[in-house]
Amino acid sequence: MKQSGNPRLKGQTAIITGAGSGIGKAIAIQMAGEGANVVVNYVSDADEAQKVVDNIKDSGGNAMKFRADVSNEDEVQKMFRDTIETFGTIHILVNNAGIENEAAVDEMSLDQWQKVIDVNLTGTFLCSREAIKEFKRRGIDENISRAAGKIICISSVHDQIPWAGNANYAASKGGIMLLMKSMAIEVASSKIRINSISPGATKTPINKGSWDELEQKMPYGRMAEPEDIAEAAVWLASDNSDYVTGTTLYVDGGMTLYPAMAFGN
Ligand code: BGC
């Protein structure tokens, strides 16, 4: 972790779901470097999450790990209760936890469909609901942030690019788009900002088997590093983006421009 000379999230507390690896890990480390207390949520790999916490603490940051399945209502509520007990309140939620479960649609089991929807979409709802309750309860503290709270949903280019073989995943990301926008309009007057980041192909464990192939295909000539996405997340959490709500930032190296490439551009 690199500590910023001018920390943009000083005095704020952030819960980042699925922060043991990949994009969530990079966001946890960068937010801690900007002065935030960070809750590293994980579901199965405690060692991995502990390494993220150690990395942050070794460089003078503040972090704790917390096991919770984001699709389980009781576990999510407990994570928010314990975080508020430890740090006093919460200012930032990053809905990052996500899974894939590839199958042809005519061979997809209900369980394969349901698990992906539960983690990616229902998990985003359950965590956002708890965060919004706390943001509304506390209101704005001008010394901390111009907003009462910020939520960032880590979606995907597959909220607009269909994905054969991953209909469950694409449906969950498309769902996140209108969940995010509907929540954003509902709470805008409470000065709560809710946005999405839609990464393209990013080097994380989720797609490790296809890195070589993906690297060749990307319009910008490389896949994203998790840190590319984390930069955008810090900006969306900071007051630098105070007038930004209900929108999706595509951090995708031009991946959503693919159709143009197919026609020879
Ligand atoms: C998926 C990755 C995939 C990328 C681009 C992401 O949402 O999780 O597996 O490489 O989209 O298709």
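**A guided reading of a predicted model**

Valine 234 touches Arg8, Leu9, Gln30, Met31 and Glu34, leaving out residues up to four places away in sequence; contact here means heavy atoms within 4.5 Å. The structure is a predicted model, in which local features need pLDDT of at least 70, side-chain atom pairs count only at pLDDT 80 or more, and totals for chains, interfaces and linings use all residues. Residues are numbered from 1 along each chain as its sequence is written, and side-chain values use heavy atoms, with hydrogens and water left out.

Valine 234 belongs to helix α7, which covers residues 226-237. Helices (H or I, at least four residues) and strands (E, at least two) are DSSP runs, numbered from the N terminus. With a relative accessible area of 1%, valine 234 is buried. The term buried means under 20% relative accessible area, exposed means over 50%, and partly exposed lies in between, with a 1.4 Å probe and protein chains only. Between valine 234 and valine 157 there are 19 Å in space, C-alpha to C-alpha, and the two are 77 residues apart in sequence.

Apart from neighbours within four places in sequence, glutamate 134 is in contact with Ile84, Gly88, Thr89 and Ile90. Asparagine 96 is found in the loop between β4 (92-95) and α4 (110-138). The relative accessible area of asparagine 96 is 11%, and the residue is therefore buried. Its contacts, again without residues up to four places away in sequence, are Thr17, Gly18, Ile23, Gly24 and Ile154.

Asparagine 62 lies in strand β3, residues 62-67, and is partly exposed at a relative accessible area of 35%. When residues up to four places away in sequence are not counted, asparagine 62 touches Ala36, Asn37, Val38, Ile56 and Phe87. The side chains of asparagine 62 and asparagine 37 are joined by a polar contact of 3.0 Å. A polar contact is a pair of N or O atoms within 3.5 Å; within protein, one must be able to donate a hydrogen and the other to accept it, and residues adjacent in sequence count only if both atoms are side-chain atoms. Asparagine 62 and glycine 33 are 29 residues apart in sequence, while their C-alpha atoms are 9.3 Å apart in space.

The loop between α5 (167-187) and β6 (192-199) contains lysine 191. Although lysine 191 is not a glycine, it has a positive phi of about 60°. This lysine 191 is partly exposed, at 37% relative accessibility.

Attention may next turn to the ligand. Which residues are around the ligand? They are Glu100, Ser156, His158, Trp163, Tyr169, Ala201, Ile206, Asn207, Leu214 and Met255, where a residue is near a molecule or strand if one of its heavy atoms lies within 4 Å of it. A polar side-chain atom of histidine 158 is 2.6 Å from an oxygen atom of the ligand. For tyrosine 169, a polar side-chain atom likewise lies 2.6 Å from an oxygen atom of the ligand. In asparagine 207, an N or O atom of the side chain is 3.2 Å from an oxygen atom of the ligand. The ligand taken alone exposes 310 Å², of which the protein buries 90%; accessible areas come from the Shrake-Rupley method with a 1.4 Å probe, and for residues only the protein chains shown count as cover.

Two of the residues around the ligand, Trp163 and Tyr169, also concern aromatic pairing. A search of the whole structure finds one aromatic pair. Tryptophan 163 and tyrosine 169 form this pair, which is edge-to-face, at 5.3 Å centre to centre and with 80° between the planes. Rings of Phe, Tyr and Trp (its six-membered ring) pair if their centres lie within 6.5 Å; planes under 30 degrees apart count as stacked, over 60 as edge-to-face and the rest as tilted. Tryptophan 163 is partly exposed at a relative accessible area of 28%, whereas tyrosine 169 is buried at 9% relative accessibility.

The cysteines remain. The structure holds zero disulfides, a disulfide being a pair of cysteine sulfur atoms within 2.5 Å. Cysteine 127 is buried at 0% relative accessibility, and cysteine 153 is buried with a relative accessible area of 1%.
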